[in-house]
Amino acid sequence: MSEQTNHTEGEPRVNPVLPYLREDRMPHIWCPGCGIGTTVNCFARALTESELDLDKVSIVSGIGCTGRVAGYMNLDAFHTTHGRPVAFATGLKLANPDLKVVVYSGDGDLMAIGGNHFIHACRRNIDMTIVCVNNFLYGMTGGQASSTTPDPATTTTAPYGAFEHTFNLPFLADSCGAVYVARWTTYHVRQITKAMKEALAKKGLSFIEIISPCPTLYQRRNKLGDGLQAMEYYRDNSVVKSGADTREVEIKYQGEIICGKFVDRERATWLDCYNTRNAAAIGARYRPYPWRENGEGGVK
Amino acid sequence: MSEALAKKRKIQKYLGNVEVKIEHCKGCGFCVEFCPTGALELSKSFNKKGYHPPMLVDQNYCNGCDLCGLYCPDFAIFGFRVGPNPNFKKDEKAK
Ligand SMILES: Cc1ncc(C[n+]2csc(CCOP(=O)(O)OP(=O)(O)O)c2C)c(N)n1
Ligand code: SF4
Ligand code: SF4
Ligand code: SF4
Ligand SMILES: [Mg+2]
């Protein structure tokens with residue numbers, strides 16, 4: 001290894017996250033104390049523990065600091081246009097239902113410009129996992145207010161403080177039909193790992209919100225300290241309430257952060273519904289999608 | 001902060017170690033603060049970008065749990081287990 005490490009005795013060891021990264025792209029662009037990298041560690045461990053065939057796992061991101069995750073992961077990855085990862089991932093999943101599709105993006109990308117795709121993917125119950133790293137603003141473009149910026153946090157586009165009503169993301173996902181909904185903060189690394197593992201195993205739309213520090217824009221502009229102080233804040237102000245009614249988990253500025261698994265239920269996926277309807281309408285001639293090379297599926 | 005860290009320190013039954021990619025560290029302190037046994041501190045020296053990378057205070061405190069690795073947003077540190085700690089004495093448990 002050409003990189004300078006403190007490695008001393010014994011055989012060289014490998015960081016368990018390394019096989020999941022495109023090492024040639026490291027070091028990454030994220031700021032000191034940014035929480036996005038921490039979530040990537042959890043995702044890597046969840047993939048290891050899930051024992052998935054990595055050739056069948058795809059990761060899709062939109063644009064933003066969190067959107068960089070797709071480009072840094074050593075998986076089949078697609079970095080889509082801003083707001084469109086869920087739309088792209090829907091097509092990917094339906095074209096190849098054998099894939100495990102994960103959307104990994106920011107609050108602005110998924111819930112502001114991409115909000116329409118998100119609600120419809122939940123409604124249709126597309127079989128995919130959506131991870132939203134919520135840092136309460138648009139990080140990449142300089143810290144503009146997003147649909148999750150709480151009143152009265154200041155941002156570059158809300159110099160007197162944000163005042164709009166915010167999205168309560170677990171409630172949004174729940175009410176639109178997602179079958180698995182959880183929220184954690186970047187302090188909860190073990191819980192995020194477990195949630196990601198459960199989400200990967202869940203059939204249907206699973207959604208995980210991860211509250212994450214943006215020390216460069218959100219924390220600094222609001223005089224909330226650095227990334228470490230944000231992490232300590234999460235540690236001291238998170239309340240774990242698994243099974244909580246999602247209507248009651250709204251996040252207020254510097255208030256308590258309710259974490260946990262809120263929803264875990266069964267509901268037919270889009271593809272199940274598609275096959276059920278066609279089978280009912282067409283009858284015995286209909287072979288359910290996906291149509292395989294061995295002749296299964298399709299209309300005879 | 002350092003007092004709270006010192007309180008967590010005790011000689012571990014199993015010995016671990018950490019490997020630090022010094023030039024990738026951005027000195028955020030997550031690993032130091034959230035190591036369950038307070039085994040790390042930021043070193044006085046700088047890397048090329050001007051950050052203080054972490055180092056073990058004393059290997060006896062590290063059990064190789066790799067929580068530092070799970071926290072590090074820069075993939076710059078990870079912990080691993082080496083084996084039973086010869087310096088561990090049974091009565092340490094009581095502490
Ligand atoms: C169509 C379009 N509009 C606007 C932009 C500019 N833009 C890039 S990233 C971004 C917001 C990203 O915010 P978020 O998804 O929260 O990601 P973060 O950087 O906070 O992780 C915006 C508005 C763009 N790239 N494309
Ligand atoms: S701007 Fe904010 S979200 Fe983007 S890398 Fe920096 S700290 Fe992270
Ligand atoms: S491996 Fe565990 S005990 Fe050792 S430094 Fe890392 S977090 Fe601390
Ligand atoms: S968590 Fe990583 S980047 Fe932060 S101080 Fe420790 S080694 Fe450096
Ligand atoms: Mg954001």
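Predicted model: local features only at pLDDT ≥ 70, side-chain atom pairs only at ≥ 80, totals over all residues.
Residues are numbered from 1 along each chain as its sequence is written, and chains are lettered from A, with ligands numbered from 1, in the order in which they are written. Local features need pLDDT of at least 70 and side-chain atom pairs count only at pLDDT 80 or more, while totals for chains, interfaces and linings use all residues; side-chain values use heavy atoms, with hydrogens and water left out.

Colleague: Happy to look at this with you! What is the area buried between chain B and chain A?

Modeller: Contact here means heavy atoms within 4.5 Å, and the interface takes 30 residues from chain B and 40 residues from chain A. Buried area is the accessible area (1.4 Å probe) that two parts lose on being put together, summed over both. Carbon and sulfur atoms give 58% of a total of about 3,000 Å².

Colleague: Which residues in chain B lose the most area to chain A?

Modeller: Three residues head the list, and together they account for 25% of what the chain B side buries. They are B:E19, B:L70 and B:F75.

Colleague: How many salt bridges are there between chain B and chain A?

Modeller: The term needs a side-chain nitrogen of Lys or Arg within 4 Å of a carboxyl oxygen of Asp or Glu. One such pair is B:D66 with A:R45, at 2.7 Å from N to O. The count between the two chains is three.

Colleague: And how do the residues of the side of chain B that touches chain A divide into nonpolar, polar and charged?

Modeller: Elements that give two or more residues to that side are β1 (14-20), α2 (30-34), α3 (67-71) and β4 (77-84) of chain B; helices (H or I, at least four residues) and strands (E, at least two) are DSSP runs, numbered from the N terminus. For the classes, Ala, Val, Leu, Ile, Met, Phe, Trp, Tyr, Cys and Pro count as nonpolar, Asp, Glu, Lys and Arg as charged, and the others, Gly among them, as polar. The division is 17 nonpolar, four polar and nine charged.

Colleague: Let's go inside chain A. Which residues in the largest nonpolar core touch the most other members?

Modeller: Such a core is a set of buried Ala, Val, Leu, Ile, Met, Phe, Trp, Tyr and Cys residues joined through side-chain atoms within 4.5 Å, where buried means under 20% relative accessible area, exposed over 50%, and partly exposed in between (1.4 Å probe, protein chains only). This one has 59 residues, and helix α1 (residues 36-50) of chain A gives the largest share, seven residues. The members with the most such partners are A:F43, A:Y104 and A:M196.

Colleague: How far apart in space are A:V131 and A:S61?

Modeller: A:V131 sits in strand β4 of chain A and is buried, at a relative accessible area of 1%. Although A:V131 and A:S61 are 70 residues apart in sequence, their C-alpha to C-alpha separation is 9.7 Å.

Colleague: Which side chain joins that of A:T129 in a polar contact?

Modeller: A:T129 is also found in strand β4 of chain A, and counts as buried at 5% relative accessibility. A polar contact is a pair of N or O atoms within 3.5 Å; within protein, one must be able to donate a hydrogen and the other to accept it, and residues adjacent in sequence count only if both atoms are side-chain atoms. At 2.9 Å, the partner is A:S206.

Colleague: Which residues of α6(A) are buried?

Modeller: Helix α6 (residues 169-176) is mostly covered, with six of its eight residues buried. The cover includes α4 (107-113), α5 (115-124), β4, β7 (180-185), β8 (206-211) and β10 (257-264) of chain A. The buried residues are A:L169, A:P170, A:L172, A:A173, A:D174 and A:C176.

Colleague: Now some backbone checks. Is A:K223, with its positive phi, buried or exposed?

Modeller: A:K223 has phi near 55 degrees without being a glycine, and its place is the loop between α8 (215-221) and α9 (227-237) of chain A. With a relative accessible area of 75%, A:K223 is exposed.

Colleague: Last one: what is omega for the cis peptide bond from A:Y289 to A:P290?

Modeller: A:P290 lies in the loop between β11 (286-287) and β12 (298-299) of chain A. The bond from A:Y289 to A:P290 is cis, with omega near 5 degrees.
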